[in-house]
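Please examine the sequence and the structure shown below before reading on. The report that accompanies them is written for a reader new to structural description.

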Amino acid sequence: MTEPLVTRMRAFGTTIFAEMSALAVRTGSINLGQGFPDTDGPAAMLDRAVEAIGAGANQYPPGPGVPNLRQAVSEHRQAHYGLSYDPDGEILVTVGATEAIAATVLALCEPGDEVIAFEPYYDSYAASIALAGARLVAVTLRPVDGRFTFDPAELRAAVTPRTRAILVNSPHNPTGTVFTRDELAEIAALCQEAGITAITDEVYEHLTFDGVEHVPLATFPGMRERTVMISSAGKTFSVTGWKTGWVCAPRPLVTAVQTVKQFLTFTAAAPWQLAVAYGLRHELEWVAALRASLQDKRDRLMSGLTAAGFEVLSPSGTYFVQTDIRPLGFTDGLAFTRKLPELAGVVAIPTQVFYDHPERGAHFVRFAFCKKDEVIDEAVTRLKHLAR
């Protein structure tokens, strides 16, 4: 039988997460690869989901999302960022941020259009752009003074007459960088000069460390009108399996995204939506405690990685630490991570798979610290064997 998969998707086979998670199971290794917590979210919010199921919220909710959640998202955007979005027409609930990104790209991009993204990038970006028949144009983030950033001249050089949108992920997965106001101002100016729509992936908006502030691109002058702001409950409340996200944007952009979204999943599960509405209103103190806990876990893992011989770059947000493996005598992250279970009984993710130019990230490996302290401690103990 000939290959049934369409040509544009043949580069997107089994994800690196599936490969490494299977490797962890097969070898009995500690999985610091995929970024999901091993503890649950706030108990009262979980109870609200159970109550919603018991109360009969088990049929299709409205396509745009449960009104209660759309209102809660609107209140949250106003309270935290001073951004006003009408819950009836400017907010759309999606099946996680991944669907929101895909639906947005499919809604806004014609075949042949170009979408700028910062590499390394979350792997769904390239797949969504390919599904739309568009082309991803990568601008590389490089370490400067211990944090990943971009060259403004390189960003400007990436713009062509075919540029339709720019995908901005901050706090950034997989580097852990949080774009500064100056960096965001550079992006905002470029969007307005070139007439580009910004698609912002802000799922880690509440998970920043060391007092670093997350600033939405939509708060910059002239940017609310051209920004599709995407977030979700998964990372904020440690409920990644709920797959409940949302889009905030001007009405014409939301209408465009919803036109596509309705033929992907139509709507998102009602019980989770009702519980997340409660969480946004009542559980942000729990989120603050989570943020402090994650900062401690980050420091715990970084200390262990440094002792094991890695060069460690400190992230300002997300779940992830980037390491340079060259001090250990390795230069190929993919080969290294495939061998790491044998060397130390730990699984990580090679960062090079998130690049259009993999040679630029071949020496970086990503570790997740959103795990219980005892899991991190055991992983660190095992990784110490690398330094011998």
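This is a predicted model: local features need pLDDT of at least 70, side-chain atom pairs count only at pLDDT 80 or more; totals for chains, interfaces and linings use all residues.

Residues are numbered from 1 along each chain as its sequence is written, and side-chain values use heavy atoms, with hydrogens and water left out.

**Helix α12**

Helices (H or I, at least four residues) and strands (E, at least two) are DSSP runs, numbered from the N terminus. Helix α12 spans residues 333-344, and its buried residues are Gly333, Phe336, Thr337, Leu340, Pro341 and Ala344. Seen down the axis of α12, these buried residues fall within an arc of 145°, so they line one face of the helix. The arc is that of the directions from the helix axis to the C-beta atoms. Here, buried means under 20% relative accessible area, exposed means over 50%, and partly exposed lies in between (1.4 Å probe, protein chains only).

The buried residues of α12 are covered by elements that include α1 (16-27), β13 (346-347), β14 (349-350), β15 (364-368) and α13 (373-383). At the start of α12, a side-chain oxygen of Asp332 comes to within 3.0 Å of the backbone nitrogen of Leu334. Just after α12, Gly345 has a positive phi of about 70°.

**Backbone features in loops**

The peptide bond from Glu119 to Pro120 is cis, with omega near 0°. Pro120 is placed in the loop between β3 (114-119) and α5 (124-131). The peptide bond from Asn173 to Pro174 is also cis, with omega near 20°, and Pro174 belongs to the loop between β7 (163-169) and α7 (181-194).

Ser238 has a phi near 55°, a positive value in a residue other than glycine. Ser238 sits in the loop between α8 (233-236) and β10 (245-248), and it is buried, with a relative accessible area of 6%. Phe266 likewise has a positive phi, near 65°, and is a residue other than glycine. Phe266 lies in the loop between α9 (251-261) and α10 (270-282); it is partly exposed, with a relative accessible area of 37%.

**Pockets and cavities**

On a 1 Å grid over the protein atoms alone, a cavity is a set of points where a 1.4 Å probe fits but cannot get out, and a pocket is an open set with protein on both sides within 12 Å along at least five of seven lines; lining residues have an atom within 4 Å of a point. Grid points are joined across faces, edges and corners, and a volume is the space filled by probe spheres set on the points.

The lining of the largest pocket comprises 42 residues, of which Phe17, Tyr122, Asp123, Ser124 and Phe354 lie nearest its centre. At least two lining residues come from each of α1, α4 (96-108), α5, β4 (135-140) and α8. Helix α5 gives the most, with 5 residues.

There are 3 cavities of 30 Å³ or more. The largest cavity is lined by residues including Gly146, Arg147, Phe148, Thr175 and Pro315. Among the residues lining the second largest cavity are Val168, Glu202 and His214.

The table sets out the volumes of these spaces.

| Space | Volume |
|---|---|
| Largest pocket | about 980 Å³ |
| Largest cavity | about 50 Å³ |
| Second largest cavity | about 40 Å³ |

In the classes used here, Ala, Val, Leu, Ile, Met, Phe, Trp, Tyr, Cys and Pro count as nonpolar, Asp, Glu, Lys and Arg as charged, and the others, Gly among them, as polar. The lining of the largest pocket has 20 nonpolar, 14 polar and 8 charged residues. For the largest cavity the division is 4 nonpolar, 6 polar and 1 charged, and for the second largest cavity it is 4 nonpolar, 3 polar and 1 charged.

**Two single residues**

Trp286 is part of helix α11 (residues 284-307) and is partly exposed, at 25% relative accessibility. Leaving aside neighbours within four places in sequence, Trp286 is in contact with Asp40, Gly41, Pro42, Thr236, Phe237 and Ser238, where contact means heavy atoms within 4.5 Å.

Pro252 lies in helix α9 and counts as exposed, at 64% relative accessibility. The C-alpha atoms of Pro252 and Ala107 are separated by 11 Å, although these residues are 145 residues apart along the chain.

Note on methods: A polar contact is a pair of N or O atoms within 3.5 Å; within protein, one must be able to donate a hydrogen and the other to accept it, and residues adjacent in sequence count only if both atoms are side-chain atoms.
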